[in-house]
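Colleague: Could you walk me through this model? I'd like to start with some strand pairing and then jump around a bit.

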Amino acid sequence: MKKRLFRSIVILLIILPMFTVNISSRGPAFALSFQPQSITNTFGNDAATTHNFTWVTSPNIKVGVIEFCDKDEFTGFDQDNIQIKSASSVLTKTDSDTRMIHKVELENLKSGTQYFYRVGTDGSYSEQGEFWTASNETWTTGNQSSSFTFLNITDTQGATARDCALWKNTLDKALDQFPQARFLIHTGDMVDDGQKISQWNLFLGVASKELMNLTIAPAPGNHDVLNKNTTNANAKNFTESFNLPKEINTGVPPGTAYSFDYGNTHIAVINTECDSINLKKQADWLKLDMSGSTKLWKIVALHRGPYGATYDSAAIRKSLTPVFDELGIDLVLQGHDHNYVRSYSMRNETIAPDGRGTLYITGNSGGVKFYPLKPRSWQQVDLQPNTQMYIAVTVANNRMLIQAYDVNDVLRDSITLDKVVLFLDGVEIKSDAQPYINLDNRTMVPIRLIAEKLGAKVSWDTNNQSVTIINNTDKIKMAIGSNEVMVNNKTILMDTGPAVEDSRVMVPLRFVAEYMGTSVKWDAEQGIVELYSKTYSRK
């Protein structure tokens with residue numbers, strides 16, 4: 001009897017490790033404990049002065065705090081200069097457990113600053129992490145603001161540890177290539193089945209170190225909001241994983257549509273996982289949001305893109321692209337299609353001249369799934385290398401460099417966007433109508449803005465489609481589509497005529513400025529036009 005029992009124990013001890021190996025191949029065990037897990041850091045309402053954090057613990061850890069300090073002043077978390085803020089801790093039930101969600105929002109931070117932090121509570125703190133606040137430095141001709149880089153990864157769609165290891169590798173490769181990256185935009189389908197908390201555990205867990213030190217700006221995808229088991233209503237697992245700005249009147253769950261400024265760029269995140277009514281509400285919100293921004297560059301991130309490959313998302317295109325056109329959105333980062341697509345510059349659902357429309361890019365996949373090529377009329381580049389890819393966007397004042405790499409460090413695509421920027425007496429002139437260079441190689445600018453900045457008056461004659469500029473004793477009159485201009489009742493022939501763009505009268509800058517007594521300097525390499533009034537003294 002004892003021998004049979006001994007043999008049974010030996011057999012059991014042999015079998016158990018084999019059983020454990022099979023289980024671990026599905027993913028490392030995730031056990032809620034007093035130790036903070038699934039830590040994410042995200043932007044607050046003002047990326048220059050606020051920053052948000054989220055982490056989870058077992059239900060019995062009812063309080064949490066964040067300790068933080070300016071990197072340049074940091075000597076240890078036991079020092080008197082460490083700031084502490086309490087988290088809001090809420091008990092929540094998932095499909096497989098009950099956990100405590102801790103969220104905290106830091107305010108009144110210094111812009112353009114690197115901070116060290118840790119989260120938790122006495123005796124159970126996380127490792128040290130870091131984050132950056134955005135710079136709000138003003139760009140002048142004598143003060144060139146520094147550039148910044150951010151990453152875009154999409155459709156990691158992990159269901160297993162093996163899947164999520166691919167997402168981690170993609171992120172690590174991106175950070176190896178661009179260690180200076182300030183944040184990551186993930187354009188959705190982070191997990192394969194968003195109602196399963198185990199997949200969120202894996203997604204956040206395998207890249208825990210990276211996400212502690214890299215701010216993430218996520219957009220929800222269709223897989224992230226799945227709710228067949230009724231435990232993921234209103235994208236619950238998404239919104240509980242990230243502490244994001246909660247915009248109102250968007251028609252979608254708070255924290256799934258939001259925006260932020262970074263440097264001279266305004267970025268809005270749209271939730272495409274809704275019906276047409278709520279897409280319309282988001283479009284209305286986006287109009288107010290973007291119209292209130294004076295930033296030079298405008299970017300939108302979303303999951304289901306208007307101009308992709310595999311899927312022809314006509315409803316998204318009809319709902320959103322007219323608004324993108326109206327607002328002058330420069331770049332739309334998309335997901336969902338699992339291949340790499342870069343569109344032509346698009347406007348009014350047709351190909352537009354470069355710089356006069358919106359560029360749409362789908363970043364293939366950062367995970368396990370790839371779809372075959374699907375040619376579309378709007379595609380300028382369509383790639384499927386059948387390996388993970390990521391995008392790096394570098395904004396340097398009025399130039400945006402977009403590079404697409406695969407995880408083998410191969411540069412698959414690259415494009416540079418440039419904008420003409422105007423300065424008057426050393427200060428940038430901001431306009432809701434973007435200056436551009438026309439087919440005659442002349443810089444076209446909105447006449448009312450320029451004339452009024454130079455102290456002139458402008459009147460518009462609708463019947464004759466003509467504009468009149470009066471500056472002291474000088475009078476300039478020009479008609480749309482005509483190269484003839486009247487200057488103090490004298491006819492002069494220009495080499496290009498005025499035009500109407502986005503309901504704005506655009507005129508050749510040098511001709512108008514010089515006739516109004518202003519000197520003009522053009523820096524072709526930088527895309528900068530400098531105007532100097534008669535009274536301005538250049539040092």
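Colleague: How many bridges join strand 22 to strand 23, and in which sense do they run?

Modeller: Strand 22 and strand 23 (residues 411–418) run antiparallel and are joined by 7 bridges, where strands are DSSP runs of E of at least two residues, numbered from the N terminus, and two strands pair if DSSP finds at least two bridges between them. Met400 has Leu417 in strand 23 as its bridge partner. This is a predicted model, in which local features need pLDDT of at least 70 and side-chain atom pairs count only at pLDDT 80 or more, while totals for chains, interfaces and linings use all residues. Residues are numbered from 1 along each chain as its sequence is written, and side-chain values use heavy atoms, with hydrogens and water left out.

Colleague: What sits between strand 22 and strand 23?

Modeller: They form a hairpin with 4 residues between them, and Asp409 in that turn has a positive phi of about 65°.

Colleague: And how does strand 21 pair with strand 22?

Modeller: Strand 21 (residues 389–396) pairs with strand 22 in the antiparallel sense over 8 bridges, with Tyr390 bridged to Tyr405 of strand 22. Here too there is a hairpin, with 2 residues between the strands, and Asn397 in the turn has a positive phi of about 60°.

Colleague: How many residues of strand 22 are buried?

Modeller: Strand 22 (residues 399–406) has 6 of its 8 residues buried, where buried means under 20% relative accessible area, with a 1.4 Å probe and protein chains only.

Colleague: Which residues touch the most other members of the largest nonpolar core?

Modeller: In that core of 65 residues, they are Trp167, Phe183, Phe260, Leu331, Met400 and Ile402; a nonpolar core is a set of buried Ala, Val, Leu, Ile, Met, Phe, Trp, Tyr and Cys residues joined through side-chain atoms within 4.5 Å. Strand 21 gives the most to this core, with 6 residues. A second, separate core has 29 residues, including Met494 and Val529.

Colleague: What does Leu331 touch?

Modeller: Not counting residues up to four places away in sequence, Leu331 touches several residues, among them Val393, Met400 and Ile402, with contact taken as heavy atoms within 4.5 Å.

Colleague: Switching topic, how many disulfides are there?

Modeller: The count comes to 0 disulfides, a disulfide being a pair of cysteine sulfur atoms within 2.5 Å. Cys69 is buried at 1% relative accessibility, and Cys164 is buried at 1% as well.

Terms used:
Buried < 20%, exposed > 50% of the residue type's maximum accessible area, 1.4 Å probe, protein only.
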